[in-house]
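Visitor: I am new to this structure and would be grateful for a close look at a single part of it.

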Amino acid sequence: MNDTLTFRIAADPPARLDKALARDVPEAASLSRTRLARLIAEGAVRVAGSVAADPKAKVAEGDEVEITLEPAAEVTLAPEAIPLDIRHEDDDLIVVMKPAGMVVHPAPGSPDGTLVNALLAHCGDSLAGIGGERRPGIVHRIDKETSGLLVVAKTDLAHHGLAAQFADHSVERAYLALCHGVPDAGEPRLRGLRGVSFEPGAVMRIATELGRHRFDRQKQAVMWAGGRRAVTRARVLEPFGTSAALLECRLETGRTHQIRVHMAYTGHGLIGDPVYGGRKRLAAGRLSEAALRGAEDFPRQALHAAILGFVHPRSGQALRFEADMPADMQALLDALRG
């Protein structure tokens, strides 16, 4: 059965119907501007008793608006009772710690066992619907073999609000990574590398464009035209001789494989990265044999999304979450420390 949402246009309405609806629709309805535009086009909006299908139509203060809402459509994805490490949950969103090895969203080659399948089972009827479908709203992703924090929307309002924050780069995202070698602000090679500069505090800034590799469509590559702007900042937290380093990497943009590609470009690829060349043996230096063997055998890119901060799209509260390294990365770090 369809639901009907009824409200009145408030004083001094915007000149256009779509903008007036975006301003005055009850917040509890969790209807984004995109969803409202679609409802207008579908003839689901009535103003003063008449269907209003023109988003540019004028409205007046006190006009009664009726919006017919169909129940959120059930998606074909199957809920799966997969345990989740939940760090925060409310009516609008959920923050989870994704383990390495889990895909975020079903795709060819990974039809099930994903974070979305797990969220469908966990959230159940608490999913209010994203774009008219009863599904989690994925606003950002991390690679299958990267561990760490993710925020997922449960309502249209949260999806729209979070997506806007990711688009304007106001979300705080910090990763911990273990790389080959130690980036050094005094190294002439790095200072002469296009797109690489150093900021106060010896923070290495990498600014390039990223796009699909010309010959391997599964990979991303640094480019200077025709790609998408990508900016990463990396700071050495702890060096291990000259052989390896623990880094904090902060994203200004969030492109596919961004940290992995940028660090490989600088010659400091991530330990364990099977795609971008991090499988090579560490330079021995003063490292123990156990450390060298641990790095060589590490089964994935040593990358962990450790910090996630954003503004709650409904309450306006600033939220910030931190997740410790998972056991495999911590064990490698301990071995490097000797």
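Visitor: Which residue stands opposite Arg-320 in strand 18?

Guide: Gly-309 stands opposite Arg-320 in strand 18. The model is predicted, so local features need pLDDT of at least 70 and side-chain atom pairs count only at pLDDT 80 or more, while totals for chains, interfaces and linings use all residues. Residues are numbered from 1 along each chain as its sequence is written, and side-chain values use heavy atoms, with hydrogens and water left out.

Strand 17 and strand 18 pair in the antiparallel sense over five bridges; two strands pair if DSSP finds at least two bridges between them. Strands (E, at least two residues) and helices (H or I, at least four) are DSSP runs, numbered from the N terminus. Together, strand 17 and strand 18 form a hairpin with six residues between them. In the turn, Gly-316 has a positive phi of about 80°.

The two faces of strand 18 may be described next. Leu-319 and Phe-321 make up its covered face, whereas Ala-318, Arg-320 and Glu-322 lie on the uncovered one.

A search of the whole structure finds two aromatic pairs. Rings of Phe, Tyr and Trp (its six-membered ring) pair if their centres lie within 6.5 Å; planes under 30 degrees apart count as stacked, over 60 as edge-to-face and the rest as tilted. One of the pairs, Trp-224 with Tyr-265, is edge-to-face, at 6.3 Å centre to centre and with 65° between the planes. This pair links distant parts of the chain, 41 residues apart: Trp-224 is in the loop between strand 14 (220-223) and strand 15 (228-240), and Tyr-265 is in helix 6 (residues 258-265). Trp-224 is partly exposed, with a relative accessible area of 33%, and Tyr-265 is also partly exposed, at 24%. Here buried means under 20% relative accessible area, exposed over 50%, and partly exposed in between (1.4 Å probe, protein chains only).

Phe-310 is buried, with a relative accessible area of 3%. Phe-321 is likewise buried, at 13%.
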